[in-house]
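I opened the model to look up a few things for my notebook. The entries follow in the order I made them.

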There are 2 protein chains.
Amino acid sequence: MTLPLKPNTLSLSQMCRSIEKGEHTAEAIINACFDQIEAREPDVRAWQYQLDREAYLKQYRDNQSFYESSLLKGLPVGIKDIIDTKNMPTEMGSSIHKGRQPIDDATCVALIRQAGGIILGKTVTTEFAYFKPGKTCNPKDLARTPGGSSSGSAAAVADTMVPVALGSQTAASVIRPAAYCGSIGYVGSRGEYSLRGAQPLAQSLDSLGLFSRHVEDIQLLRSILMRQNLSDAPNESVKPLRVLVCQGALIGDTSVEMAQALSALSDRLLNQGVDVVDLEAGGELLEMVDHHGHIMAWEVCRNLALESNSPEMLSDPLSDLMEQGKSMKRARYLGSLKAAEETDKWLWSLCDDVDVVLAPAAADIAPLGHDKTGSPHMSRPWQAMGLPVITLPGMQNSAGLPLGVQLIARHRDDDRLLQIAKWFETVLA
Amino acid sequence: MTLPLKPNTLSLSQMCRSIEKGEHTAEAIINACFDQIEAREPDVRAWQYQLDREAYLKQYRDNQSFYESSLLKGLPVGIKDIIDTKNMPTEMGSSIHKGRQPIDDATCVALIRQAGGIILGKTVTTEFAYFKPGKTCNPKDLARTPGGSSSGSAAAVADTMVPVALGSQTAASVIRPAAYCGSIGYVGSRGEYSLRGAQPLAQSLDSLGLFSRHVEDIQLLRSILMRQNLSDAPNESVKPLRVLVCQGALIGDTSVEMAQALSALSDRLLNQGVDVVDLEAGGELLEMVDHHGHIMAWEVCRNLALESNSPEMLSDPLSDLMEQGKSMKRARYLGSLKAAEETDKWLWSLCDDVDVVLAPAAADIAPLGHDKTGSPHMSRPWQAMGLPVITLPGMQNSAGLPLGVQLIARHRDDDRLLQIAKWFETVLA
């Protein structure tokens, strides 16, 4: 006899369907999420701020008929603490903004509320979504970093505290923590979603990110954020014809186990009749790691002008980044923007009919310790090019810890990326 | 004997120099600005919110040694009421946000304060920087619209209430009001400035804008917003080698007087030895007017999700735009983004060695009446392409009302655009 699945472990879409069918009540699912938080939050520390069970249920019951008829049924969503919420502080992981209470919801928060989602709380972010870690531990191994900057969102979703959460990525802030914690992380194409109310770090790089445990939930959230009906975009799983495989070594150091995992996945693709092509010349991608860094330094230095009034309250890595951006020649910044455009063209002209690029989502499993969030290199090239990316769990090292792979698509090809990810999800299951 | 120039009529840079030389005190200049506001504001109505003279002088005197040693000497700056200020409400021209008090300064505001500028007040904007006018009248003829959406910034600067002001442009919101009121208006390249704290309308179109009466002030503000020393960018006047002239008729209806003014300016350029080339094939630009409208409708619909909770408080034109964006097919939106990219390539490949495009900044002088802000068509193509643009006063119709021309440069060629504008300023003087 198997124990019944705890309802907090379902996908958001499954939760909604089970409520529609009368298998679970919304309150039963909400309570299961809170049970999980009560059991695990003392160790995982995913939340910067959260509603308690009573406050959440009051919010639900006060508008129960709205939630019952809504798309998201009053189910819980986590929001990275870099994204403004009108009923909760938004502190951006910095003591400069301790207790900062926004007056408006960010657009993405407003849209989720309109769809009947309830914001359970704010998830831990690194300082201004850069490198200085928050308090979160990796739910798969508490001795390890969850990755950053969307640390709390990745951990809360991976640990089944909430089915979905929002984050943001400027370097590797969605893909890396999702890979380390074993959740799905999706980064939208540059310009794809409204970032109103999501605090900017670098305007040429910032993208909204979504976390879930099933690809169908990413499609559901995407339709809400795009103000489209789910049926308006193609959502069925699509098997790719041709996948371009990028070895991590083309971008930076990767572990032997990660290389083996990628190789094993390539073999599985071949067995499924997918044409697998190895990306060979890769100097461009390695250079793109540096170009990404230049763009980020230049723009962060300008975007955080307000905080440069309080230099003593900024971490050393962030101060260093801003100093680098301040002393940089504008020509270097423009050169890096130009290189990103050209590398994007180069990448997609390498080989005809490529649906997606497959690459390691991180160099390895999550590193031990909590003083750093791991290397962002595996994400920098795609982020500099503004491409949509998704990381999928399913691969593991010999100790059973997650090794994430990522799929990268052409700019604005987000719908098709998610369709292909849905197919990969079955291969990785 | 000529009367001495009132110090509020100087450029910001002249004001700073005159303080350095001991010709004027900062307080004398500040008082002259307030004298002008007291005399004219009852008619012009440029301000949504403003410090009174005593509060301003208290702010100045409380930190006098900082201001005396600062770049901007405690001189006044106006801020469009779509840009967040921590000590003044930011209402975005909408009753939805009546009394809305931001908790943080926008980046651009923080940078101006760091440079020793004092925010005198918030200037009138149309509703969410779209079409519904605010209360401002055109200072050159009160019976006419000042244009929009940065109506108050353009009027306050043209009327010598403040030397400079900030605005923003998504369609024609800087160029048109500057042209109608007779001030200089500059729109930065897409992505050039931090827009943190400037409320977004359409992320693929929004640009920061600056208003002044002299090009050197635009260069000064630009250096502050870029966190660079003024001497780090080339600032001297540059005579263009070749100018591509775009007749307004290629984009939409223009008046006979505007066509004549453009023609007269072309003749002056020829007399100065500038190579003037007429842009002939122009169907692409006309199509770009529609493409701009599609991008705007799609993105505004998403960015104003929060306000769609209060549909009864939105104007009809804005509701219509959002409805259009909601029912639009995504393919149409993506097609318009693509067309903008391609038209940008087309434009700059038409003719070698073109420094700037010269075009009418608006269809004509400011229209009579206050129920509309005039046609945005002359700006839509360049804004869809994300190009830097500056409009310069100096041309007039037979009644002496301003006819603005605009100069358009390649993406990110902002420094050179301003150098060439400095040369045009002398031609137009």
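How many residues does the contact take from chain B and from chain A? I find 47 residues from chain B and 46 residues from chain A, with contact meaning heavy atoms within 4.5 Å.

**Ground rules.** This is a predicted model, where local features need pLDDT of at least 70, side-chain atom pairs count only at pLDDT 80 or more, and totals for chains, interfaces and linings use all residues. Residues are numbered from 1 along each chain as its sequence is written, chains are lettered from A and ligands numbered from 1 in the order in which they are written, and side-chain values use heavy atoms, with hydrogens and water left out.

**Interface.** I looked up the area next. About 3,600 Å² is buried between chain B and chain A, and carbon and sulfur atoms give 45% of that. Buried area here is the accessible area (1.4 Å probe) that two parts lose on being put together, summed over both. On the chain B side, Arg196(B), Arg227(B) and Arg330(B) lose the most area to chain A. Together they make up 23% of what that side buries.

**Arg227(B).** I went back to this arginine. Arg227(B) sits in the loop between α8 (215-225) and β7 (242-245) of chain B. Helices (H or I, at least four residues) and strands (E, at least two) are DSSP runs, numbered from the N terminus. Arg227(B) has a positive phi of about 55° although it is not a glycine. Its relative accessibility is 15%, so Arg227(B) counts as buried. The cut-offs are under 20% relative accessible area for buried, over 50% for exposed, and partly exposed in between (1.4 Å probe, protein chains only).

**Asp353(A).** Here is another non-glycine with a positive phi, about 60°. Asp353(A) lies in the loop between α12 (330-349) and β9 (356-360) of chain A. Is Asp353(A) buried or exposed? Asp353(A) is exposed, because its relative accessible area is 58%.

I checked the peptide bonds. Gly148(A) to Ser149(A) is cis, with omega near 5°. Gly148(B) and Ser149(B) are also joined by a cis bond, with omega about 10°. Ser149(A) lies in the loop between β3 and α6 of chain A.

Ser150(A) is in the loop between β3 (118-123) and α6 (151-158) of chain A. Ser150(A) is buried, because its relative accessible area is 0%. Which side chain does the side chain of Ser150(A) meet in a polar contact? I found Lys80(A), at 3.1 Å. A polar contact is a pair of N or O atoms within 3.5 Å; within protein, one must be able to donate a hydrogen and the other to accept it, and residues adjacent in sequence count only if both atoms are side-chain atoms. Beyond four places in sequence, the contacts of Ser150(A) include Val124(A), Gly167(A), Ser168(A), Ser173(A) and Phe211(A).

In chain B, α6 (residues 151-158) has eight of its eight residues buried. Just after α6(B), Thr160(B) takes a positive phi of about 60°. In chain A, α5 (residues 107-114) has seven of its eight residues buried. Among them are Thr107(A), Cys108(A) and Arg113(A).

**Core.** The largest nonpolar core holds 282 residues, and Trp382(A), Phe424(A), Trp382(B) and Phe424(B) touch the most other members. Such a core is a set of buried Ala, Val, Leu, Ile, Met, Phe, Trp, Tyr and Cys residues joined through side-chain atoms within 4.5 Å. Beyond four places in sequence, Trp382(B) contacts residues including Cys246(B), Leu285(B), Leu347(B) and Gln406(B).

**Ser398(A).** My last stop was the loop between β10 (389-396) and β11 (402-408) of chain A, the place of Ser398(A). Ser398(A) is exposed, because its relative accessible area is 71%. Its side chain makes a polar contact with the side chain of Glu257(A) at 2.9 Å.
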